[in-house]
Amino acid sequence: MTRHDGEGSGGSGVPHARRSGHRDRRDHLPHHVPHHVLLSAVLAVIVGLSAAIYVGVDAGDGGRRGQDTLASSRTGPHSAAAASTGVWVGSWAAAPVGSEPLTEPDGTAGRTVRNIVHTSVGGTSARITLSNLYGTGALTVTSVTLAVAADDDSPAADPGTLRRLTFGGRPAISIPAGEQAMSDAVPLAVPGDTDVLVSLYTPTSAGPVTFHHRAQQTSYVADGEHTADVTGTPYTAQSTSWRYLTALDVLSEEADGTVVAFGDSITDGSTSTPGANRRWPDALADRLRAARDDRDDDAPRYGVVNAGISGNRVLTGGGGRPANNPSGLDRFDRDVLDRPQVKVVVIDLGVNDILRSRDTADPDAVLDGLRDLVRRAHAHGIKAVGTTLLPFRGHRGYTDAREDVRRRINAEIRSGSVYDTVVDVDRAMHDPYDPRRLKSEYDSGDHLHPSDRGYRKMAQLIKWSQLRGADRAQL
């Protein structure tokens with residue numbers, strides 16, 4: 001869903017890259033360079049040099065993996081004290097959308113990408129997931145660091161928090177096209193409600209960059225290898241996308257589960273204030289933290305991760321193999337079921353099936369798709385919370401026929417035959433004088449996406465009881 005065209009576990013790490021999609025695409029390199037010779041030579045040199053760098057760091061650490069620090073030892077809120085208790089939960093996530101335009105020839109070769117992400121819940125250790133789902137060749141990463149940001153929306157790091165990450169005990173990894181890799185865990189006190197920097201250096205191209213566009217967050221790029229930089233000075237280029245990074249998990253004593261927000265651009269936070277973390281999943285995380293601080297025993301203890309993709313539909317994905325912007329049905333396993341300790345999924349999906357249908361969308365088909373998502377959630381012990389679909393009169397995609405489909409879908413959702421429990425955002429946020437429109441105070445101005453106030457209202461409508469228990473809809 002866009003403003004213009006109607007869009008809207010487990011374990012401490014894995015030693016090898018994991019499959020995250022189909023590998024139907026072949027590596028593409030210049031014809032005069034033998035692929036296996038180039039890749040083997042480059043990777044051998046990289047791993048050898050990286051291992052040599054790490055020998056001095058790892059010596060005398062008792063064989064621990066993923067606990068290296070570039071900072072001198074210190075105590076304080078971000079100290080590297082070892083943690084042995086807690087549960088792995090999602091603190092931040094982004095769904096891979098597709099291959100970043102104009103990155104096919106060179107990827108990010110010779111550059112360091114510094115992604116800025118915002119945590120929903122804190123922990124005592126952290127791990128990340130990198131994806132090469134849309135690459136055409138192996139993604140070679142020779143250095144990855146994680147740090148707490150020195151300031152909001154800044155590429156500078158708190159020097160005492162900078163940690164090197166490893167993969168199966170090694171500092172470098174080669175992730176085949178179509179696969180992903182989870183790092184080893186590294187001890188670090190990661191606060192909730194804070195920016196974290198994840199920096200990675202890629203010396204060679206893997207082809208198109210796997211990315212999440214419309215991040216509503218500025219990230220940074222530097223020429224050369226600057227993963228250990230704490231000043232932020234080399235990061236002279238900016239990006240409005242997250243590249244390669246798809247998850248940040250924490251070992252948490254603050255939370256015992258994860259709630260996944262699954263939807264389109266309304267979940268993705270399109271039209272929310274950039275850099276301010278005002279998407280509705282952010283507002284939900286704010287509420288959960290405040291309740292925990294207030295010792296509200298009724299509130300669940302969850303991290304919140306955002307699996308929204310702008311333009312996403314229940315039934316239909318984009319072109320390509322693997323598909324760009326895959327349908328909700330196709331990506332549900334990847335973006336919901338594969339997250340750690342998922343207790344609840346909140347689904348807000350279906351508007352784009354209506355707006356992007358060339359003919360009148362079939363409400364029964366959309367509803368059947370939503371019910372299939374719920375059945376799959378139930379099979380994994382996950383509660384499915386659903387929202388009604390917000391109105392969009394005034395948007396250029398509006399027609400009376402599409403409004404009729406939206407109302408028919410909402411009526412069925414309200415009946416209780418789709419989700420375990422329903423958050424009726426439509427009833428709470430439509431204009432009381434014209435239910436086909438968003439109430440002006442909740443409208444970003446495009447008559448489709450909510451404003452910051454509208455996103456906050458969506459989060460406020462979710463009751464703690466809806467995020468608890470195991471009530472099941474009769475599907």
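Author: Strand E20 (residues 342–348) pairs with strand E21 (residues 383–387) in the parallel sense, over four bridges. Strands here are DSSP runs of E with at least two residues, numbered from the N terminus, and two of them pair if DSSP finds at least two bridges between them. Val 346 stands opposite Val 385 in E21. The model is predicted, so local features need pLDDT of at least 70 and side-chain atom pairs count only at pLDDT 80 or more, while totals for chains, interfaces and linings use all residues. Residues are numbered from 1 along each chain as its sequence is written, and side-chain values use heavy atoms, with hydrogens and water left out.

Both strands belong to an open sheet of five, in the order E19-E18-E20-E21-E22, with parallel pairing. At its edges are strand E19 (302–308) and strand E22 (421–423), each pairing on one side only. From one strand to the next, the twist averages 25 degrees (axes are lines fitted to C-alpha atoms, with angles from 0 to 180 degrees between N-to-C directions).

The largest cavity holds about 40 Å³. A cavity is a set of points, on a 1 Å grid over the protein atoms alone, where a 1.4 Å probe fits but cannot get out; lining residues have an atom within 4 Å of a point. The volume is the space filled by probe spheres set on the points, which are joined across faces, edges and corners. E13 gives the most to this lining, with three residues. Among the lining residues are Phe 211, His 212, Trp 242 and Arg 243.

How values were computed. 1 Å grid on protein atoms, 1.4 Å probe; cavity = no way out; pocket = protein on both sides within 12 Å on 5 of 7 lines; lining within 4 Å.
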